[in-house]
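Visitor: Could you walk me through this one? I'd like to go through it piece by piece.

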Amino acid sequence: MNPEKIVINAADGTQEIIIREGQAPKVLEQKAPLALDIAGQLGCVKEFLLKRINAGQFQQKDCRIIVDRNEVSIKFIFNERDEYNRGSVLGRLSLHPDFACLHINRNETWTPVELAMLLKMHRYWFEDRAEGMKLVTTLMNYKADIQQKVEQSVEGNGSRADNFAQVVNSNLPKTITLLLPVFQGSKPQPVEIEFFAKVDGRDVSFFLMSPGANEIVETFRDEAIDAELSQIKEIAPEIAIIEQ
């Protein structure tokens with residue numbers, strides 16, 4: 001080390017001076033804040049705004065809300081022009097597991113035994129549990145009379161016939177009514193469900209269809225979203241709301 005001249009001015013009464021050699025620790029680089037991306041139930045956007053609207057975290061005119069009714073969601077984006085402090089809160093209305101597990105109005109089928117076991121494990125879906133257990137027994141002992149008629153013919157003049165007719169008579173009722181909560185947080189309500197049989201040789205399975213369930217989904221969805229938006233407008237009237 002090259003000797004350097006050091007001048008020290010000590011206060012009167014100083015008895016000891018300590019000189020340390022070496023490098024000072026490096027100053028840590030400033031890190032970007034963690035992105036805030038929150039997802040929850042439909043009401044979480046309203047709850048977030050209630051608690052943060054006056055916290056200085058964002059200005060209303062630098063935010064927007066995107067509404068997607070098909071996905072049953074409300075998304076709040078704040079500080080949209082500030083990449084350093086931008087964040088989002090997504091609220092979504094989810095189907096209740098009890099309703100979703102039945103695969104109503106979907107391209108999925110149940111065998112009689114599979115459906116029987118599901119209904120047996122969820123007896124509380126039936127308003128009359130005794131009647132529900134009768135249905136379970138019927139499914140476990142499913143019987144069907146399947147009549148098929150095939151006509152195929154070809155004539156010399158080019159005329160052709162190719163007809164297939166199938167008639168199925170079973171011991172299963174055409175419809176059942178279950179008490180189901182359709183969305184998370186909703187109360188159980190009667191849902192009429194129709195059986196549509198799929199017959200392939202000896203294999204029989206069912207689609208579960210319900211026009212009434214479709215109406216419930218659309219009505220509840222719009223009412224829930226409109227109620228949330230109404231409260232959000234009261235809390236933060238200057239935030240732009242965009243419907244997709």
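Guide: What follows is a talk through a predicted model, taking salt bridges, helix packing, backbone angles and a surface patch in turn.

Visitor: Salt bridges, then. How many are there?

Guide: The count comes to nine salt bridges. One of those to look at is between the side chains of Arg69 and Asp222, with a distance of 3.3 Å from N to O. Arg69 lies in the loop between β2 (64–68) and β3 (73–78) while Asp222 belongs to helix α5 (residues 211–235), so the pair ties together parts that are 153 residues apart in sequence.

Visitor: Is Asp222 buried, exposed or partly exposed?

Guide: Asp222 is partly exposed, its relative accessible area being 25%.

Visitor: And which other residue pairs with Arg69?

Guide: Glu243 forms a salt bridge with Arg69, and there the closest N and O atoms are 3.0 Å apart. This pair also links distant parts of the chain, since Glu243 sits in strand β10 (residues 240–243) and Arg69 in the loop between β2 and β3, 174 residues apart. Glu243 is partly exposed as well, at a relative accessible area of 41%.

Visitor: Okay, helices now. At what angle do α3 and α4 pack?

Guide: Helix α3 (residues 112–121) packs against helix α4 (residues 129–140) at an angle of about 160°, and their axes are 8 Å apart. That angle makes α3 roughly antiparallel to α4, because angles over 145 degrees count as such. The crossing in which α3 passes α4 is left-handed.

Visitor: And α1 with α5, parallel or antiparallel?

Guide: For helix α1 (residues 44–52) and α5 the packing angle is about 15°, with 10 Å between the axes. That makes α1 roughly parallel to α5, and the crossing of α1 and α5 is left-handed.

Visitor: Switching to the backbone: what is the phi of Val72?

Guide: Phi of Val72 is near 50°, which is a positive value in a residue other than glycine. As background, most residues other than glycine have a negative phi. Val72 is placed in the loop between β2 and β3, and with a relative accessibility of 8% Val72 counts as buried.

Visitor: And what about the phi of Asn105?

Guide: Asn105, although not a glycine, has a positive phi of about 60°. Asn105 is found in the loop between α2 (97–100) and α3, and is partly exposed, at a relative accessible area of 27%.

Visitor: Last topic, the surface. Which residues form the nonpolar patch?

Guide: The patch on the surface is formed by Ile6, Ile8, Ile17 and Ile19, which together have about 400 Å² of accessible area. Ile6, one of these residues, lies in the segment before β1 (36–41).

Conventions
Residues numbered from 1 in each chain as written. Predicted model: local features only at pLDDT ≥ 70, side-chain atom pairs only at ≥ 80, totals over all residues. Heavy atoms only, no water. Patch = residues over 30% accessible without salt bridge, like charges linked within 9 Å, V, L, I, M, F, W, Y side chains within 5 Å. Areas by Shrake-Rupley, 256 points an atom, 1.4 Å probe, with all protein chains shown as cover. Salt bridge = Lys/Arg side-chain N within 4 Å of Asp/Glu carboxyl O. Helix = DSSP H or I, 4+ residues; strand = E, 2+ residues; numbered from the N terminus. Buried < 20%, exposed > 50% of the residue type's maximum accessible area, 1.4 Å probe, protein only. Axes fitted to C-alpha atoms, helices over the stretch in contact; angles between N-to-C directions. Parallel < 35°, antiparallel > 145°, perpendicular 65-115°, else oblique. Left-handed = near helix turned anticlockwise from the far one by under 90°.
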